[in-house]
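Subject: Structure for your review

Dear colleague,

Please find below the sequence and structure that I am handing over to you. My findings follow directly after them.

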Amino acid sequence: MKIVKWLDNYFEEVILVALLIGMMIIMGIQVTARYAFSYSLTWSEEITRYMFIWSGFLSISFCIKKGASIKIEQFVGLFSPRTRSALRLVSYTVEIILFTYMIPFAWHYIQNAVASHQVSPAVGIPMYLMQSSTLISFCLADFRLVQKWIQRFLEVTGKREIEVKGE
């Protein structure tokens, strides 16, 4: 149970930090190789680009979990805490519908990539591995939104104390 709680708290952060460190190391090696040895690595830009794409998509669920979304706090602040929770519940419902709607399209996108047998030009990585970032991020976003939805539902129904901090 300890592992599940740790994964719930830190799953996205660990992956995002690892991707950031990886991008930093790869680009540091590329810059050093280019300027110190007049040698350019053919694969560094491609790998870094794919790591950046993965981090962008994974950050969706991270932002949902942390409540780091675009919102108008002055408007939301006009309402009582219970009304704010109800408004967020509606927002989460719309977001769940959106991401759930996108999952079959992402799956179809990956299936097309698998069928095409396309690989990346410099490294030869199968492109479906890169394109699977959409499906994984939409599923993780749905998971995080359902967590938030349950939390807000319990607040609206009075079965849980309303959180003041964060979103």
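How far apart are the end C-alpha atoms of helix α4 (residues 81-116), and what should its 36 residues span? In this predicted model, the end C-alpha atoms of α4 are 51 Å apart. This agrees with the 52 Å that its 36 residues should span at 1.5 Å a residue.

After α4 comes His 117, with a positive phi near 60°.

Helix α1 (residues 2-37) bends by about 60° at Tyr 10. Among its buried residues are Glu 12, Glu 13, Leu 16, Leu 19, Gly 22 and Met 23; the buried residues of α1 pack against α2 and α5. Ser 38 follows α1 and has a positive phi, near 50°.

Tyr 10 also belongs to a nonpolar surface patch of about 570 Å², together with Ile 3, Trp 6, Leu 7, Phe 11 and Val 14. Within this patch, Trp 6, which lies in α1, counts as partly exposed because its relative accessibility is 42%, between the cut-offs of 20% for buried and 50% for exposed.

Yours sincerely

Technical notes
Residues are numbered from 1 along each chain as its sequence is written. This is a predicted model: local features need pLDDT of at least 70, side-chain atom pairs count only at pLDDT 80 or more; totals for chains, interfaces and linings use all residues. Side-chain values use heavy atoms; hydrogens and water are left out. Patches are made of residues with over 30% relative accessible area and no salt bridge: like charges are joined within 9 Å, nonpolar side chains (Val, Leu, Ile, Met, Phe, Trp, Tyr) within 5 Å. Accessible areas come from the Shrake-Rupley method with a 1.4 Å probe; for residues, only the protein chains shown count as cover. A salt bridge is a side-chain nitrogen of Lys or Arg within 4 Å of a carboxyl oxygen of Asp or Glu. Helices (H or I, at least four residues) and strands (E, at least two) are DSSP runs, numbered from the N terminus. Buried means under 20% relative accessible area, exposed over 50%, partly exposed in between (1.4 Å probe, protein chains only). The expected span of a helix is 1.5 Å times one less than its number of residues. The bend at a residue is the angle between axes fitted to the seven residues ending there and the seven starting there. Contact means heavy atoms within 4.5 Å.
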